[in-house]
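Hi,

Here is the structure I promised to pass on to you. Have a look at it first, then read my notes below.

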Amino acid sequence: MITSRSYRLLPMGLIIAMILFAGLTWIGCSEDEEIPIPATPVNVQAEIGLDHVQLRWEMPEPSSRKQTFQIYRLIESENELQPIATIDQSHYKDFSAVPDTSYFYQVSTVEETSDGEKTEGEKSSPIRIDFFLPKLSVEPAKLDFGQSASQAKFRLGNQGRAILHWTAFEVVDWLTLDLTKGTIEPNQSQVVTATVQRDLSPDRYRANLNVRVTGAGSITIPIFLEVVAEPKLWISSSQIQFGYTETGKELMLKNSGTGTLEWALISPENWLVIEPATGRLETGTTTVRLAVDRRTLNPGQANTTLTLSTGTGE
């Protein structure tokens, strides 16, 4: 049996148009592109600053999208993680941290697409830091050497909860310390001996000794010193002999100390004349002339003792 079939012929241009249309429809029906989850920050580090906690981290790979970072903090005693900052740099200083508190920090990455959609990645592993600071104390608060002392001691203490590293700076050349740096454990102390030089010009001296603590500021210790004038007599000879014929001798006086030296040389005998008999000495020397009037002396040996007095009691 012969079966007949009929066919409808379509124009070639219409067939091509239908194929192109079908292809365009398939391409337009693709699924929405997935937004990748942002990478998690790595190598998160926390350090204690003078009055803050310093955080730093790195990204495992670069991203072409706009990135910000979300900082989270948990106070150990409260056990509640809280966001505290959103920044666009890979470091952060937490100035709101309270000393003597333990914290946990985490960081996440937030990326933004071109149409403004934001996606937050996973938080970094918690990092703990004990925001404990050393606290320097000084006793006494000042050093007064007065007019005679050459040494004085002071005690540096650590009243904080962290190890204290200190360094002292000697700001004047007349002051020295037996220790200029040290380490003090919490609730411990260290004694330092200060020595001053007294061979200075008479005056009142003051200096500030600065003690710096690593990561915890510094403290200033006032230093007071008074150098009073201390004149001191030097005499060229304690015994003078005129022999059988001499009638004149010279005596040298000198102030080997500081300040002004007032002196007086007294003879109990009329046959011995002193010129000058009094004077003042600050620096240098002075010459005193002694003259014997042999006409007033009886034959034989004559002796006498001169009295040399000063304002210092010598």
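Strand 9 and strand 11 (residues 151-158) run antiparallel, and 4 bridges join them. A word on terms: strands (E, at least two residues) are DSSP runs numbered from the N terminus, and two of them pair if DSSP finds at least two bridges between them. Strands of a sheet pair through backbone hydrogen bonds, either parallel or antiparallel.

Before you go further, remember that this is a predicted model, where local features need pLDDT of at least 70 and side-chain atom pairs count only at pLDDT 80 or more, while totals for chains, interfaces and linings use all residues. Residues are numbered from 1 along each chain as its sequence is written, and side-chain values use heavy atoms, with hydrogens and water left out.

Back to strand 9, where you'll find Val138. Its bridge partner in strand 11 is Leu156. Val138 also sits 5.7 Å from Arg155, C-alpha to C-alpha, though the two are 17 residues apart in sequence. Is Val138 buried or exposed? Val138 counts as buried because its relative accessibility is 17% (buried means under 20% relative accessible area, exposed over 50%, partly exposed in between, with a 1.4 Å probe and protein chains only).

Both strands belong to an open sheet of 4 strands, with antiparallel pairing and the order 9-11-15-13. Strand 9 (136-139) and strand 13 (175-177) are at the edges with a single partner strand each, so one side of each has no neighbour in the sheet. From one strand to the next, the twist averages 30° (axes are lines fitted to C-alpha atoms, and angles run from 0 to 180 degrees between N-to-C directions).

There's another open sheet, with 5 strands in the order 10-17-16-12-14 and mixed pairing. Its edge strands, which pair on one side only, are strand 10 (143-144) and strand 14 (181-184). Inside this sheet, strand 12 (residues 164-169) pairs with strand 16 (residues 203-213) in the antiparallel sense over 4 bridges.

Strand 3 (residues 66-75) and strand 4 (residues 81-87) run antiparallel, joined by 6 bridges. Phe69 stands opposite Ile87 in strand 4.

Which side chains does Asp94 contact? The side chain of Asp94 makes polar contacts with those of Arg73, at 2.7 Å, and Ser96, at 2.6 Å. (A polar contact is a pair of N or O atoms within 3.5 Å; within protein, one must be able to donate a hydrogen and the other to accept it, and residues adjacent in sequence count only if both atoms are side-chain atoms.) Asp94 lies in strand 5 (residues 91-94) and is buried, with a relative accessible area of 0%.

Last, the largest pocket: 27 residues line it, and the closest to its centre are Ile240, Gln241, Phe242, Ala302 and Asn303. (A pocket is an open set of points on a 1 Å grid over the protein atoms alone where a 1.4 Å probe fits, with protein on both sides within 12 Å along at least five of seven lines; lining residues have an atom within 4 Å of a point.)
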